[in-house]
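Let's take a walk through this structure together, one contact at a time. Keep the 3D view open as you read.

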Amino acid sequence: MLTTKTLFAMFAMVQLSLVGCSKESSSTGSGSGGTAASATGATGTTGESTPAKATKNLTFALVSHANAGDKFWDVVKNGEEQAGKDLGVKVTYQGSGDPQKQAQLIDVAVSQKVDGLIVSMANPEALRPSIQKAVQAGIPVITINSGAEKSAELGAMTHVGQTEKVAGEAAGARLAKKGLKHVLCIIHEAGNVGLEERCAGAKRTLEGGKVVNLQVSVSDLASATSTIAAKLQSDPSIDGALTLNNAVAGAAVNAIAQANRPTVALATFDVDATILQNISAGKIFFAIDQQPYLQGYLPVTFLNLYRMNGTTVGGGQPVLTGPGFIDKANAELVQKYIQQGAR
Amino acid sequence: MTTTAARRDERVVDVGIARRLLARPELGAIIGAVIIFVFFASQSEVFRAPAGIANWLDPASTLGIMAIAVALLMIGGEFDLSSGVMTGTVGLTIGLLASHYGWNLWLAIFAALVLALGIGFLNGYLTTRTGLPSFIITLGSFLMLQGLNLGVTKALTNTVLIEGIGRTQGYPLAQQLFASTVNIAGAEFRITILWWLAATVVATYVLLRTRQGNWIFAVGGDARSARNVGVPAAKTKIALFMTTSGAAWLVGTMVALRLTTVQANQGIGDELIYIVAAVIGGCLLTGGFGSAVGASLGALIFGMTSQGIVYVGWDSDWFKFFLGAMLLLAVLANHVVRHYAEQGRK
């Protein structure tokens, strides 16, 4: 009996740690780039519901593809809740990393006849029936974070997020401006299309220089550190590195120190308190922020305006929340907002 | 500990109706289910409307199918930690064969069944042959399957998501059978609910009315004495492991055909939820005691709670807390009821 209990505890711990690791990757969102297809169809399909008066008690539901406690999505949730307070509408937040459960949560919102639905589409095909059911029921849908390219096709009003292509290109342009010639683009999750697109975007805009992809694993930061360090030691022509996740950025900072190559300029995607410290200390050149707060705040505003006046945003094109840049100039300012859970 | 569990077998004791009712493993779960239904129904109108009922029966159905199989295995004195990840293995196998390699969907589903039963057999064979706790054996297969699901999928398709099951040959009919909905009173009820009810009936019949049912209680109560009176203990346990993986095959197929895409991390973590549902339904962790109806009720409680919390608009951050509290209460209630029932026999 005692051993059974111990084993149970052990197993639960193994489980939790595994889940913890796998979360890391999805928290960055995997929305892929490109302009949204079929630009205008979106407003037509949702147009059947007549906009309600502003005085009506509106309820908007956000259903994300993240499990509870995900840092990135807590900021989205904070943005959503603040918008709800500011506009005097009721908002709810639910999330599940299991696509079937996410679909079921959408079904709940539809059966409650919410006045608007906000959905992150990491897995558009799995959510298709549920989102279409919402659209058929006359509920305006806004997709956020990932799934930009499928948004209009499923009948959503608009998409609010950062496209990977644009973000990657912005990173490359900024690195080019610094005069870098040979940049490592560090991919932390093999086969993630969104990450490949970021690197491809950077490659396009780093004119006169080259971008080389390096594969590491986000779930083993120790070995990621030594892989990056080894690469830096073996090739002195490398003068820049771009990481696509905040945890990997930390590993890269250590790797640069380990390889004794302090001149290598490091840039990263995603922000946290450690990243800001490193930016202030000059160890990280800049961080690209897709500003998750906006992915919660804006859709609520858009839905409220739609319910008030029937207005739509974007005309089927995604509304971009990124790339926002954080460097030495604004790191201190952002620090304050990170503590408040708004960045 | 284990011998008392065997003696508790309520069918051999002649006591009054009240006591007999109290000794049923599912009694606590029935009371719990009623309380939870009344609570959420009084808080939310949609929860008790057909659309709401269809909604909370949906997660309860797939969970219920698994919980029943897991309950049988637990009554037989064993655990299967690989059952959750196996639903993902099944889905990925179907997706790989049908969508990626262009097999007929039915052939892919059959191949996945053979694979699942094979893994179940291995789990059972290793457990009975080595005498190691099934916790260890299936923890091993859990981790191995998790790695295989990710590794094989990525090696063969270079991505972590297999799409396009909806476009394979044979999909429409399979979709009807495993993933369609039935319109009742204006609400779309999942066909998985019918499968769940059927599984409850079959498992209850097997447990209470067949020789195999007696064997399951016997090996879970005390495997050695069971063997001494001629029960094929090893065979029974292997069959139970295969039943569990068979259920994982059924649920994995349902999920894959419904979503038409499979993620490489599907099902991981669900095995604990199956065990939770079985325990809420009155199964003992020590084996030899429990029921299929109880496990179904446990799944129902889980389904009502998980969706009900959304309906009443509680903060989702607290969801797991409520679930844990509910589990503790249900188990304590079971414990008290059983204790009371046992005292009556002395």
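Predicted model: local features only at pLDDT ≥ 70, side-chain atom pairs only at ≥ 80, totals over all residues.

Which residues meet where α5(B) touches α14(B)? From α5(B) come L63(B), M66(B), A67(B), V70(B), A71(B) and M74(B), while α14(B) brings I273(B), Y274(B), I275(B), A277(B), A278(B) and V279(B). Sorted by class, this contact has 12 nonpolar residues, with no polar and no charged ones.

## Where the two chains meet

Now for the interface. Chain A contributes 27 residues to the contact and chain B contributes 42. Between them the two chains bury about 3300 Å², and 59% of that area is on carbon and sulfur atoms.

One helix pair to look at here is α4 (residues 99-111) of chain A with α15 (residues 292-311) of chain B, which pack at an angle of about 45° with their axes 10 Å apart. The two are therefore oblique to each other, and α4(A) passes α15(B) in a right-handed crossing. On the α4(A) side you will find Q104(A), L105(A), V108(A) and S111(A), which meet Q307(B), V310(B) and Y311(B) of α15(B). By class, that contact has 4 nonpolar and 3 polar residues, and no charged ones.

## Salt bridges

Side chains of opposite charge can pair when their charged atoms come close. How many salt bridges cross the interface of chain A and chain B? The rule finds 1 there. You can find a salt bridge between the side chains of K101(A) and D270(B), at 3.2 Å from N to O.

Over all chains, a search of the whole structure finds 13 salt bridges. One of them joins D107(A) to K133(A), with the closest N and O atoms 3.5 Å apart. D107(A) lies in helix α4 of chain A and K133(A) in helix α5 (residues 124-136) of chain A, so this pair ties together parts that are 26 residues apart in sequence.

## An antiparallel pair in chain A

Chain A has a helix pair worth a look too. Helix α11 (residues 273-280) of chain A and helix α13 (residues 331-340) of chain A pack at an angle of about 165°, their axes being 10 Å apart. Angles over 145 degrees count as roughly antiparallel, and α11(A) and α13(A) are therefore described that way. In this pair, α11(A) passes α13(A) in a left-handed crossing.

The α11(A) residues A273(A), L276(A), I279(A) and S280(A) meet A331(A), V334(A), Q335(A) and I338(A) of α13(A). That contact has 6 nonpolar and 2 polar residues, with no charged residues.

## Backbone details to check

Most residues other than glycine have a negative phi, and most peptide bonds are trans. With that in mind, two spots in chain A deserve a visit.

Where does N145(A) sit? N145(A) belongs to strand β4 (residues 141-145) of chain A, and its phi is near 65°, a positive value in a residue other than glycine. The other spot is the peptide bond from G322(A) to P323(A), which is cis, with omega near 0°. P323(A) lies in the loop between β11 (319-320) and β12 (324-326) of chain A.

Methods:
Residues numbered from 1 in each chain as written. Chains lettered and ligands numbered in written order. Heavy atoms only, no water. Axes fitted to C-alpha atoms, helices over the stretch in contact; angles between N-to-C directions. Helix = DSSP H or I, 4+ residues; strand = E, 2+ residues; numbered from the N terminus. Parallel < 35°, antiparallel > 145°, perpendicular 65-115°, else oblique. Left-handed = near helix turned anticlockwise from the far one by under 90°. Contact = heavy atoms within 4.5 Å. Nonpolar A, V, L, I, M, F, W, Y, C, P; charged D, E, K, R; others polar. Buried area = accessible area lost by both parts, 1.4 Å probe. Salt bridge = Lys/Arg side-chain N within 4 Å of Asp/Glu carboxyl O.
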